[in-house]
Amino acid sequence: MTGCDPGSIGGFNVSWGLSVPAVDDMDEVTVIPEQSEQEGLPQEGGDRYYCRVCGALITTGGERTEIDGGHAHTFVNPAGYIFRIGCFRSAPGCLIIGEPTREYSWFAGRFWRLAACALCTTHLGWAYGNRETREFFGLILDRLRRGEGD
Ligand SMILES: [Zn+2]
């Protein structure tokens with residue numbers, strides 16, 4: 001060791017008199033799952049959604065999907081009606097009506113068409129996608145009756 005003596009840079013030996021607690025001990029962190037009223041419901045498959053008016057099978061729980069961060073969304077239409085809708089990848093019991101439009105679309109940039117019960121034509125929600133293809137359905141949850149299949 002020659003020539004690399006860093007020398008003395010001492011001279012400051014400040015004691016603040018503080019005792020800093022160790023904060024890097026994360027072993028005690030417990031993640032508590034969010035409780036919800038849907039607890040206990042099957043998360044996939046099993047449950048089915050029927051038209052509340054005529055009882056036709058519309059779609060199933062296995063088709064539920066999350067769009068823009070969630071399955072269920074609450075929207076208000078230009079007339080002031082509040083809709084709580086759930087997103088589904090497909091809804092075989094729906095009839096899709098009308099020309100695609102982006103006017104007042106609740107899902108940014110997406111076109112929508114009306115989706116109605118194929119049996120009784122009750123308006124059940126909307127089919128979203130781009131102009132040519134269908135991406136998902138947003139169905140009005142209180143127009144569906146949820147039940148178990150056979
Ligand atoms: Zn129906």
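Modeller: Of the 150 residues of the protein chain, 19% count as buried, a residue being buried if 20 or more other C-beta atoms lie within 10 Å of its own, exposed if 12 or fewer, and partly exposed in between, with C-beta atoms placed from the backbone. This is a predicted model, in which local features need pLDDT of at least 70, side-chain atom pairs count only at pLDDT 80 or more, and totals for chains, interfaces and linings use all residues. Residues are numbered from 1 along each chain as its sequence is written.

The predictor's confidence in each residue, pLDDT, runs from 0 to 100. The protein chain averages a pLDDT of 79, and 68% of the residues score at least 70. Over residues 1-45, however, pLDDT stays under 50. Where pLDDT is low, the predicted coordinates should not be read in detail.

The protein chain has nine strands and zero helices; these are DSSP runs numbered from the N terminus, with at least two residues (E) for a strand and at least four (H or I) for a helix. Six strands form an open sheet in the order β3-β4-β8-β7-β6-β5, with antiparallel pairing; two strands pair if DSSP finds at least two bridges between them. Because β3 (72-76) and β5 (94-101) each have a single partner strand, they stand at the edges, and one side of each is left without a neighbour in the sheet. On average, neighbouring strands of this sheet are turned by 30° against each other, direction ignored.

Let us follow the pairings from β3. Five bridges link β3 to β4, and Thr74 stands opposite Arg84 in β4. The hairpin of β3 and β4 has five residues between the strands, and there Gly80 takes a positive phi near 95°. β4 then pairs with β8 over four bridges, where Cys87 has Gly138 of β8 as its bridge partner. Five bridges join β8 to β7, and Ala127 is partnered by Phe137 in β8.

Setting aside residues up to four places away in sequence, Phe137 touches Phe88, Ser90, Ala91, Cys94, Ala115, Gly125 and Ala127, a contact being two C-beta atoms within 7 Å. Phe137 is among the residues with the most contacts inside the largest nonpolar core, which has 21 residues; such a core is a set of buried Ala, Val, Leu, Ile, Met, Phe, Trp, Tyr and Cys residues joined through C-beta atoms within 7 Å. The elements giving two or more residues to this core are β1 (47-51), β4 (82-88), β6 (111-117), β7 (123-129) and β8 (134-140).

Definitions and conventions:
Axes are lines fitted to C-alpha atoms, for helices over the stretch in contact, and angles run from 0 to 180 degrees between N-to-C directions.
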